[in-house]
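Here's a quick briefing to read alongside the model. Have the sequence and the 3D view open as you go.

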Amino acid sequence: MFPSSKRSTLLRSVIASALLAGSSLALAQPGATGPEEHADVEPINNLPNPYETVRNWGTLPDGREWGSVSAIHVDIDGEHIWVGDRCGANSCALSDVDPIVKMDQDGNVVQSFGANQITWPHGMDVDAEGNVYVVDARSPNDRELEENPDAFMGGHQVVKFSPEGEVLMVLGTPGEEGNPPTHFTAPNDVLVGPDGAIYVGESHSAQFMDQDGPNAVSRISKFDAEGNFIKSWGVFGYDDGEMRSPHALAMDSQGRIFVADRGNRRIQIFDQDGNHQDTWYQFSRISGLFIDDNDVLYAIDSESDENYNPGWRKGLRIGSAKTGEVWFYVPEHMSARPSGMGGYGTMGEGVTVDAHGNIFAGEVGPVQGVTKFAPRILPENFPNH
């Protein structure tokens, strides 16, 4: 194992050698480097798929079209699904519709809120009281502000809503990048623990960087249930415990925090104080994570291609949060162009599961809205059968 500084030098040397040799030009893509351990893992692309893919699940009111969706989470009742829609586009900066919608089992909207309060919904969680936490990852950009000078200056924040849409808490300073406790930089996801502790992962851009620097933020911050800052952990890097964009967070029954370290094509597992417990490569380059009450792990990959995850296909991999075994693979679906940075096909970015074992994926790329994966024939011993 090389220290991160030596590893960075080694990886840059590999890139330079490949370019001089006229091969492996894909490695020249920003962020295409990865931990050396990744090369030793056999890609998991061919496992049983006991699910039926149902595209275009859910109907928005008034004929409104879906936009990009990465924020998605099941309600505490196990029935309804909360979805953060980017207002029929890939941003809410030019819209005044409600981006946060609650949907019943038939895909009908029964509750909505958040108009002019969220710019770019990216991650989401629901606490034990049914409150909805939404990560607003970025502010309106210059083009959006030119088109709409009165756009809500959100971004770089986590907003806690009541189930009815009342703002109960804001973490971060809307419209301003920076460091905790008062600021975030392009946060990705939020996780609320059983004790109400709040965990926030940032930032989004680090996955496309190959070496450390002032903008290579890769950290997780912990707050108590009232929003008081406790600590931050994590730095940019390739070693265990280091990260290149913690893109999604989930917690298992043991209280361990699972982190989709997307830039490094792996899951990292930490305790609640930020101590590294384990590293798993077998679930691919993950955009979204969900762990159900039976410790079934759902890991969705919207990004893989030969540049950023050689040998692996996009798709949904389902397995055990206890053992790390991968049981099922749901392949990508077809699209006019691929999701993520290239490659083949498309797959959602956010993922959640209802009490009946139905999986819901939020789509960000060339297809929009929500995809449902309905169980067909699951093994009798499947924990969520």
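**A sheet, a disulfide and a buried tyrosine**

Ile 100 sits opposite Phe 113 in β5. Keep in mind that this is a predicted model. From that residue pair, the notes below move on to the sheet, then to the cysteines, then to a tyrosine.

**The four-stranded sheet**

- β4, covering residues 100-103, pairs with β5 in the antiparallel sense, over four bridges.
- Both belong to an open sheet of four strands, ordered β2-β3-β4-β5 with antiparallel pairing.
- At the edges you'll find β2 (69-74) and β5 (109-113), each of which pairs on one side only.
- Going from one strand to the next, the twist averages 20 degrees.

**The disulfide**

- There's one disulfide in the structure, and it links Cys 87 to Cys 92, with the sulfur atoms 2.0 Å apart.
- The link of Cys 87 and Cys 92 is right-handed, with 95 degrees about the S-S bond.
- Cys 87 has a relative accessible area of 11%, so it counts as buried.
- Cys 92 is buried too, with a relative accessible area of 7%.

**Tyr 281**

- Look for Tyr 281 in the loop that runs between β17 (276-280) and β18 (288-291).
- Although it's a loop residue, Tyr 281 is buried, because its relative accessible area is 8%, under the 20% cut-off.
- Setting aside neighbours within four places in sequence, Tyr 281 has contacts that include Pro 35, Glu 37, His 38 and Val 41, as well as Asn 264, Arg 265, Arg 266 and Trp 312.
- Tyr 281 and Gly 107 are 34 Å apart in space, C-alpha to C-alpha, and 174 residues apart in sequence.

Technical notes
Residues are numbered from 1 along each chain as its sequence is written. This is a predicted model: local features need pLDDT of at least 70, side-chain atom pairs count only at pLDDT 80 or more; totals for chains, interfaces and linings use all residues. Side-chain values use heavy atoms; hydrogens and water are left out. A disulfide is a pair of cysteine sulfur atoms within 2.5 Å. Buried means under 20% relative accessible area, exposed over 50%, partly exposed in between (1.4 Å probe, protein chains only). Helices (H or I, at least four residues) and strands (E, at least two) are DSSP runs, numbered from the N terminus. Contact means heavy atoms within 4.5 Å. Two strands pair if DSSP finds at least two bridges between them. Axes are lines fitted to C-alpha atoms, for helices over the stretch in contact, and angles run from 0 to 180 degrees between N-to-C directions.
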